[in-house]
Amino acid sequence: MKATQYMVLEEVARLQPISLGALARQMIMERATIGKNIRPLESSGYVRVVAGEDRRSREVLLTDEGRRVLELAKYKWQKAQEIFESEVGEKESDVLRQMLSEVASIDFLSA
């Protein structure tokens with residue numbers, strides 16, 4: 001599983017059911033890009049894409065298999081974070097995470 005797929009699964013699990021458009025905005029991605037990231041997850045049976053309430057929108061839901069694979073991926077992600085911290089240092093890791101958080105919070109569309 002790619003890091004982007006892991007992050008998509010995390011967001012779907014947290015916000016489901018969520019429309020593809022809302023998911024794209026949440027992840028700061030174009031709608032077409034989120035669609036390209038969802039397709040392999042849907043093919044693998046990790047998410048389902050269903051018609052939304054108005055039948056024009058599409059919503060994403062995590063499947064039982066998606067929940068299972070997300071838990072495994074979450075464990076591996078945490079292990080990778082621990083290795084990163086041990087190599088880079090706890091203080092430096094915190095600084096990098098803070099910087100990334102600040103960059104992610106910028107509203108590039110209104111700039």
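## Largest pocket

The lining of the largest pocket comprises seven nonpolar, four polar and two charged residues. The model is a predicted one, and the volume computed for this pocket is about 320 Å³. Of the 13 lining residues, Met7, Trp77, Gln81, Arg97 and Leu100 are the closest to the pocket centre. Three helices, α1, α4 and α5 (90-105), each supply at least two residues of the lining.

## Aromatic pair

One aromatic pair is present in the structure. The ring centres of Tyr6 and Trp77 lie 5.1 Å apart and the ring planes meet at 20°; the pair is therefore classed as stacked, since planes under 30 degrees apart fall in that class.

Tyr6 has a relative accessibility of 6% and counts as buried. Trp77, which is also among the residues closest to the centre of the largest pocket, is partly exposed at 33%.

## Overall fold

The chain contains five helices and three strands, arranged along the sequence in the pattern α-β-α-α-β-β-α-α. Along the principal axes, its C-alpha atoms fill a box of roughly 50 × 40 × 20 Å.

Of the 111 residues, 29% count as buried. When contacts between residues at least 6 apart in sequence are considered, 43% of them join residues at least 24 apart.

In soluble globular proteins, nonpolar side chains tend to be buried together. In this model, the largest nonpolar core holds 20 residues, and those with the most contacts inside it are Val8, Leu9, Leu23, Ile34, Ile38, Val47 and Val60. At least two core residues are supplied by each of α1, α2 (20-26), α3 (31-43), β2 (47-51), β3 (58-62) and α4. Helix α1 provides the largest share, four residues.

Apart from its neighbours within four places in sequence, Leu23 is in contact with Val8, Glu11, Val12, Ile18, Ile34, Ile38 and Val60.

## Surroundings of Arg58

Arg58 belongs to strand β3 and is partly exposed, with a relative accessible area of 35%. The C-alpha atom of Arg58 is separated by 6.0 Å from that of Leu20, a residue 38 positions away along the chain.

If residues up to four places away in sequence are not counted, Arg58 touches Ile18, Ser19, Leu20, Val49, Val50, Ala51 and Gly52.

## Backbone features in loops

Two loop residues have backbone geometry to note. Gln16 and Pro17 are joined by a cis peptide bond, with omega about -10°; Pro17 lies in the loop between α1 and β1 (18-19).

Ile28, located in the loop between α2 and α3, has a positive phi of about 55° although it is not a glycine. Ile28 is also exposed, with a relative accessible area of 52%, a value that falls in the exposed class because the cut-off is over 50%.

Conventions
Residues numbered from 1 in each chain as written. Predicted model: local features only at pLDDT ≥ 70, side-chain atom pairs only at ≥ 80, totals over all residues. Heavy atoms only, no water. Phe/Tyr/Trp six-rings, centres within 6.5 Å; stacked < 30°, edge-to-face > 60°. Buried < 20%, exposed > 50% of the residue type's maximum accessible area, 1.4 Å probe, protein only. 1 Å grid on protein atoms, 1.4 Å probe; cavity = no way out; pocket = protein on both sides within 12 Å on 5 of 7 lines; lining within 4 Å. Points joined across faces, edges and corners; volume = space filled by probe spheres on them. Nonpolar A, V, L, I, M, F, W, Y, C, P; charged D, E, K, R; others polar. Core = buried A, V, L, I, M, F, W, Y, C linked by side-chain atoms within 4.5 Å. Contact = heavy atoms within 4.5 Å.
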